[in-house]
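This briefing concerns side-chain contacts between charged and aromatic groups. Please consult the sequence and the structure shown here alongside the notes that follow.

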Amino acid sequence: MLGPSQTRIPCTLMRGGTSKGPFFLASDLPGQTELRDRVLLAVMGSPDARQIDGIGGADPLTSKVAIVSRSSRLGIDVDYLFGQVAIDRPLVDVTPNCGNMLAGVGPFAIERGLVPSHDPTTPVRIYMVNTGNTAVAHVPTPGCQVTYDGEVAIAGVPGTAAPIRIDFLNTAGSVCGALLPTGHALDELDNIQATLIDNGMPVVVLRAADFGKSGYESPAQLDSDQEFKRRLEQIRLLAGERMGLGDVRAKVVPKMTLIAPPQHGGDLATRTFIPHKCHAAIGVLGAVTVGTACVLPGSVAAGIVSLPQGAVKPLSVEHPSGEFSLEIEVDSATPNGLKVVRSSLIRTARALFRGDVLVPARIWDGVISRHPATDMATLGHE
C-alpha cells in the first residue's frame, strides 16, 4: 500500500514589518541543513519566477522564512534563524538577518507557548542565530494575550497595528566582525567613495550623485537602467572582498544603499538594493546600518545628513514608499572611538494563517533526524 504523497508541516504565515513568510518551530523541520533547505525550497516553490508551486510571493520581501526554537542560552528566550529563499535559484541564504521578520518572532513565540506572556507587555529576548546578536522585542499582550490591533502605521503596510518596539543590542560587526570591516569610515572602490559598514547588516553606503542619480528615482526607474545596475554590481563585488565576505556573487549581502539629501522632511533619502533589485522600502537592519553610517564622522554621509548633538540620535530615513524612524544611542568616550550602544525602532506584525504547509513526500517523509548537537547555530551553519 502506498503511503501519503505529501508531508504536512505545521507553520504560521506571518507578516513581519514589510516582509512576509512562514514561521516554523525548529522541531518541525529536518535537523540536517541540506535536507532542511530542500524542504524550504519546496515550501516556497523555488526556483521559479512565480513560485507557482509553493507559498512564496515571487518577491524577495515575500520569499522569507523564520525558524524559531526555545533557547538554552542564559538570559535568552528564543533562538531565531532567518532564511532568505532565492526565487530564481535553489538557495536558502542564512548569511544575513532580517529585522522585519524579526518583528513576528515575539508574537509567534508567545502564541506557540515558547514564552510566557505578561500583562500588558511581554519582552521577548531573541538570539539571532544568523549573526550571533541579541534583540529584545516588546510585544503588546494586554490581558496576557497577543494583540495585533493598534494605531501604529508603518510605511509599506496598509492600515494600522499594535506597535512592537525592538531594541537591537551589540549588533556592530554581526556578519563582518567589525562595525567598519576595513577600519575606515570612508573607502574608495573603483573611483567611487563608499562607507562599508555592518551594524546588523553588511551595507555599502554610496552617494546617489556619484552614479549620476538624484536618489529620488523610483525603484522601477533604477531597475530598468542596466548600465547603472552593472556598475553597482561591480562595486558590490569589490566591496564584498574588502568587507571580508569573499566572492559575493551568490550572496545577498552586502546590500547597496544610495543616499541623497532628504525630500520630505526627514534626515536623508535612500534607495536600497537587496542586492540586485531596488527595495520598495528599506530593511530594518539595513536602515539601522545606514543610520549608523550617518552618525559616523567622516562617512560618505558627511554633507548630506545633519544630526543633533547628544548621545541619542533620532533619525528619519526616507525611502520609496515612506519613512522609517529609528533611534541610535552612541558612546563617544570609549578608547576605540565611537561605539553604538543601542538601536531601537518600532515595527508591527500580524499572524495571517495557521495550519500545515505541504511538501512532496519524495523530498521529505516527515521523519525528524537530529544531529547530536541541537544548537540552532549549528543547524544554521553546518
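**Side-chain contacts in a predicted model**

The charged end of arginine 73 sits over the ring of tyrosine 127, at 3.7 Å from the ring centre; a charge sits over a ring if NZ of Lys or CZ of Arg is within 6 Å of the ring centre and within 35 degrees of the ring normal. The model is predicted: local features need pLDDT of at least 70, side-chain atom pairs count only at pLDDT 80 or more, and totals for chains, interfaces and linings use all residues. Residues are numbered from 1 along each chain as its sequence is written, and side-chain values use heavy atoms, with hydrogens and water left out.

**Charges and aromatic rings**

- Lysine 213 places its charged end over the ring of phenylalanine 228, 5.2 Å from the centre of that ring.
- Phenylalanine 228 also belongs to a cluster in which ring pairs link Phe211, Phe228 and Phe273.
- The structure holds three aromatic pairs, where rings of Phe, Tyr and Trp (its six-membered ring) pair if their centres lie within 6.5 Å, and planes under 30 degrees apart count as stacked, over 60 as edge-to-face and the rest as tilted.
- The ring centres of phenylalanine 23 and phenylalanine 108 are 5.7 Å apart and the planes stand at 50 degrees, so this pair is tilted.
- Phenylalanine 23 lies in strand β2 (residues 19–25) and phenylalanine 108 in helix α2 (residues 99–111), so the pair ties together parts 85 residues apart in sequence; helices (H or I, at least four residues) and strands (E, at least two) are DSSP runs, numbered from the N terminus.
- Phenylalanine 23 and phenylalanine 108 are both buried (buried means under 20% relative accessible area, exposed over 50%, partly exposed in between, with a 1.4 Å probe and protein chains only).

**Salt bridges**

- The count comes to 18 salt bridges, each being a side-chain nitrogen of Lys or Arg within 4 Å of a carboxyl oxygen of Asp or Glu.
- Aspartate 59 forms one of them with lysine 277, with the closest N and O atoms 3.3 Å apart.
- This pair links distant parts of the chain, 218 residues apart: aspartate 59 is in the loop between α1 (33–44) and β3 (64–70), and lysine 277 in the loop between β13 (268–273) and α5 (284–295).
- Aspartate 59 is partly exposed at 23% relative accessibility, and lysine 277 is partly exposed at 39%.
- Aspartate 223 forms a salt bridge with lysine 229, the closest N and O atoms being 3.2 Å apart; lysine 229 counts as buried at 18% relative accessibility.
- A network of salt bridges links Glu327, Glu329 and Arg342.
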